[in-house]
Amino acid sequence: MRVGSDWHLREAQELASEQGVDPASGLHADEALRRASLHGRNLLATQAPRSAWTLLAEQFGDFMILVLIAAAVVSGLVGDLVDTLVILVIVLLNALIGFVQAWRADRAMAALRQLAAAQATVLRGGEPHLVPASSLVPGDIVLLEAGNQVPADLRLIEISQLKVDESALTGESVSVEKRSAALDRGAHALGDRLNMAFKGTTATHGRGRGLVVATGMATELGKVARLMAQAEDRSTPLQRRLAAFGQRLAWAVLAICAVVFVVGVLRGEAPMLMMLTAISLAVAAIPEALPAVVTVLLALGARRMVTLNALIRRLPSVETLGSVTHICSDKTGTLTQNRMHVEWLLVQGRRWTPGDPLPGPAHGEALRAAALCNDARCQAAAAHGEGSWLGDPTETALVLAAHAGGLDKTQLERDNPRVQEQPFDAERKRMTTFHRAATAAGGGFVAYTKGAPESVLPRCVAQWTPQGPVALDRAAALETAQALAAQGLRVLALARRDHGRLPDTNALETVEDALELLGLVALIDPPRPEAAAAVRDCMGAGITPVMITGDHPATARAIALRLGIVSQADAPVLTGAELAGLDQALLSARVLQVRVYARVDPAQKIRIVEALQAHGRFVAMTGDGVNDAPALKQADIGVAMGRGGTDVAREAASLVLLDDNFATIVAAVREGRRIYDNIRKFVRYTMTSNSGEIWTIFLAPLLGLPIPLLPIHILWVNLVTDGLPGLALAAEPGERGLMQRPPRPPGESLFAHGLWQHVLGVGLLFGGLCLAVQAWALAGGHAHWQTMVFTVLTLGQMAHVLAIRSETEPLWRLGLGSNRPLLAAVLLTFALQMATIYVPLLNPIFKTQPLSAAELAICLGAAALVWLAVELEKAWRRQRARPLEDFAADAPLKP
C-alpha cells in the first residue's frame, strides 16, 4: 500500500484491493503475522530512557549551582562546616527537584500509549476474533460497536448509524456521524474526514467495519506523540532571571573580593587575615539561600494552590503565571461544559427555554417528538436523573429538555411504543420513528421526524397546532434556522405526520413527505457558568484570552462572544484551512489581532503558540484532550483539566486544574504574582544586606579604619540574617492591586523598578552607619567597637526586612501581625544576636564582648535609621505614583 494519508479521498474497495484483503473475510492469521514483522506492533514509539545517573549529573550543570558548590568548598576551607552543610543541602534539594521533573516527558508518552485500545475485534479467516490491539496490521478488517475505542486509523467500509466521539483528538464536542463514501478532492481537516475513524477515539452509536490503514506512530495519534517528542521544554522566566543573576553576581563578587584583598594588604593588614576576610566576604556575598527561598516560596504557593483546586506539577511554573500575557484555551471541556444542552425550543415564533413553564401544548408536542424520535437509552439505576441517559450527546440533551418540560421518555415509550423506524443517515440528514397512538387522526400511528432544517423543512406542508394544521412560511422558518446556526447553535427541525396504517419504509420519498412542522430546537455546548467572570478577571489583569478549538467557526465565535473573549458578533475567526495557507510571517502579523481559531489540528496549535512567543509573549495553553498535549508542552505553561481531561494532557502540563474550572487559573495567576513579588523582596533584602557588608569592609581601609568585621562575623551575619527572616518572606500576603497590574514583561530584570538603586543606596547607608559607629567608638576609646559594628549590621538588617515587606505600603498600615512567621524570625534573630554578645560561653567563639546599655542603644538607633530611610523611600514612591493614578482615573475610557 502506498504511503500517504489520502485514504479519505479514495474508495474503500480500491484500498482493500491494494492491501490484498477481502473485506468480507479479512486477513489470514499467517498473513497477519507476516505483516506484523514488516510494520511492527501497533504501539506508540518510546524513547530510550536516560539513566538515573545521567539525569542526576545534568542537574549540576547550572551555573548558579556550580557557584554554590564552589562557595561550599571555600566555606569549608575557611572552617565553617555549618555553612558548608547548609549550602550542600540547598544544592542537593534543587538537584532532587530537577531530577524528579526530568521524567515528565517519559510519563507523558506513557500516558499517550495508554490511550490505545487494549483489545480489538477483527476478521481473521472470515471469523471475528478478539485480539490485542497491538497486534493489528495494515489490511486488518476491524469491527466497531458503540462503546469501542478505535484501535487504529481505519478507512470505513460499512457503517450503520455509526457515530464517533473525536473530541479528545479534534476538539469537536458533538459526536461525528460517519459515512463510507470517498470524499471530494480538496483539503479536509481531521474533523471533516467523515469516512475515517482514528486511533484513540470512541464509537458512541451504531456499528461499522473498517480497513486498517495506519498503525502505531503512523496514525494521527502517533503524529501527536511525535509532536510531543519534538516540542521542547522552555525555561521559565524565573529560571532565566536567576541564571543571569547568578552569573553577573559571581563575577562582581570575585572582582570586589580581589580589590578588598589588595587594598587591605597595601594598607598593611596581615595577608592571611585579608585572604580569610576576602574569602568570607565571597561566601557571604553569594546569596546561597536564594535557591532555597525560591523553592520554599514555590512549594508553599503550590500547597496553597491545591486548596484552590490547582495542582502544580512543575514548581517554577507557579511564577510563570505571573508573566503570562496570553491564555490560549481549548473550547470544548475547558471554557464549555462538554455537554450538549438545549438552548431554545422555537414553536410558532414563541421561544421556550428549559426550566421555564411550557407556553402551550404545541411546545409539549414538539418535546414529545424530541423524546420519542430519539435513540438515547435509560440507565436502570436512575431513570429520572441527569446523566442517566446514554447515547449521542445531542439526543441525550433532547431527552433532558423533554424532562425539563415535564415529559418522561420512559413513560412516553410505554404509552406510544415504537413500531417502525427509518434510521438517520448522513445523506438524508434526518430520522423518522413510527409510534402506535390511539389518539392519532385516521387510525393509530404517528410518525415523528427530526433532522437538519434544510432537510426537513422542504418536506413540510403545514405548521402543526392542536386545533389542526395552519399555513407554514417555509422560507421564513428556514431563515430563522440559518440565523440561529449563525449564532453558533446546532439547529434541528421537528415534524410529525399521522398515518392510518404503517407505511412502506422502502418508499422514503412518500414516507417522509407531507409533514407538519412542530418547531425548531437549538442546541449548544454551553459555556461554564464561571468562565465569563474568569475571562473578565484575566482581561483586568492584562492577560489576553484566546480560544483555539477544533469546532466549527460559528460555534467558536458564539461561545467567544458569550464569554467576552471577543466583543463583536462579526469578530474575525481564523480557521485551520486559512491558517494552513499562511506562512509564518503572515501568521505572525495576524496572531496578535485574532482571538478565535477554529477547525485547527494539533500542529497548528503549536504554530499559534510559537507565533505568539516570537512576539515576546508568554503563553499559557489550557486544554483537556489529546490534541492539546503538544501545545501544552510547547507553551510557557500548560494548564490541563484534572477531572474531565485525558492523562496525556495532564502529564504534558505544568499545572492541573482539579476542578476543571477555568476560573481557577485566575487564582493561580494571582498566586504566581504574589510569589514573584516575594522573591523580589528576598532579593532586595539579601542583596542589600550583602551590599552593606561589602561597603563596610571595602570602605574601612580607604578611610583609614581597621577591618571592622572578622570572618566569623561575616559568616554569622550571612547565615542568620539570610536564613530565617528571608525564608519568612514566603508568608507575605499579596500587595494591594496585585491583579490590576499588567503582566511583567518577560525580559524584565529582577532588579527593575528601582531595586538595584535600593540595593546600592541602602547598602551604602548600612556601610556609612557601621563605619560611623566604628569611628565614634574608636574616637571615644570604646574597646567594644568591633562588637558594635557587628551588632549594627545584624540589627539594621532586621529593621530593613520589616520595612521592605511592601514596596509602597508603610509598615504601620501593614501591621506587624500580618506576617507572623517574619515577626517570629526577627525576634529569634535578635535573641541569637544578643546571645553572641551577652552569653560568656559564646564570646570567645564569636570574638565579641558585652555591650553597655548606652552602646546597645546606639546600635539600636542606627538600625532604626535604616527602617526610617526605607519608609521615606516608600513615601516618595507613593507620592510619585499618585499623579499617575489620577491621570489614569481622569482619562477617557476606550470604546
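The following is a conversation about a predicted protein model.

Reader: Before we start, what kind of model is this, and how are its residues numbered?

Author: This is a predicted model, in which local features need pLDDT of at least 70 and side-chain atom pairs count only at pLDDT 80 or more, while totals for chains, interfaces and linings use all residues. Residues are numbered from 1 along each chain as its sequence is written, and side-chain values use heavy atoms, with hydrogens and water left out.

Reader: How many helices and strands does the protein chain have?

Author: The protein chain has 35 helices and 25 strands. Both are DSSP runs numbered from the N terminus, helices being H or I with at least four residues and strands being E with at least two.

Reader: And what share of the residues is buried?

Author: Of the 895 residues in the protein chain, 55% are buried. Buried means under 20% relative accessible area, exposed means over 50%, and partly exposed lies in between, with a 1.4 Å probe and protein chains only.

Reader: What part of the contacts joins residues 24 or more positions apart?

Author: Among contacts in the protein chain with a separation of 6 or more, 72% join residues 24 or more positions apart. Contact here means heavy atoms within 4.5 Å.

Reader: Let us turn to helix packing. How do helix 27 and helix 30 pack?

Author: Two packed helices are described by the angle between their axes and the distance between the axes. Helix 27 (residues 664-702) and helix 30 (residues 755-779) pack at an angle of about 40°, and their axes are 7 Å apart. The axes are lines fitted to C-alpha atoms, for helices over the stretch in contact, and angles run from 0 to 180 degrees between N-to-C directions.

Reader: What does that make helix 27 and helix 30 to each other?

Author: Helix 27 and helix 30 are therefore oblique to each other. By definition, angles under 35 degrees are roughly parallel, over 145 roughly antiparallel, 65 to 115 roughly perpendicular, and the rest oblique.

Reader: Which residues make the contact of helix 27 with helix 30?

Author: On helix 27 they include Arg680, Met687 and Trp695, and on helix 30 they include His758, Phe766 and Gln774. The residues of this contact divide into 13 nonpolar, eight polar and two charged. Ala, Val, Leu, Ile, Met, Phe, Trp, Tyr, Cys and Pro count as nonpolar, Asp, Glu, Lys and Arg as charged, and the others, Gly among them, as polar.

Reader: How do helix 31 and helix 33 cross?

Author: The axes of helix 31 (residues 785-803) and helix 33 (residues 820-838) come within 10 Å and cross at roughly 175°. That makes helix 31 roughly antiparallel to helix 33. Among the residues that meet are Phe790 and Met798 in helix 31, and Phe830 and Ile837 in helix 33. The contact divides into ten nonpolar, six polar and no charged residues.

Reader: New topic: how many disulfides are there?

Author: The count comes to zero disulfides, where a disulfide is a pair of cysteine sulfur atoms within 2.5 Å.

Reader: Where is Glu365, and is it buried or exposed?

Author: Glu365 is in helix 14 (residues 361-372) and counts as buried at 9% relative accessibility. Leaving out residues up to four places away in sequence, Glu365 touches Tyr448, Trp464, Arg496 and Leu518. Glu365 and Ala495 are 130 residues apart along the chain, with their C-alpha atoms separated by 9.6 Å.

Reader: What does Asp392 contact?

Author: Beyond its neighbours within four places in sequence, Asp392 is in contact with Lys163 and Ser175. Asp392 lies in the loop between strand 13 (389-390) and helix 15 (393-404) and is buried, with a relative accessible area of 2%.

Reader: Last one: what is the phi of Lys429, and of Ala514?

Author: Most residues other than glycine have a negative phi. Lys429 has a positive phi near 60°, and Ala514 has a positive phi of about 55°. Lys429 is in the loop between strand 14 (418-425) and strand 15 (430-436), and counts as partly exposed at 38% relative accessibility. Ala514 is in the loop between helix 19 (508-511) and strand 19 (515-524), and counts as partly exposed at 33%.
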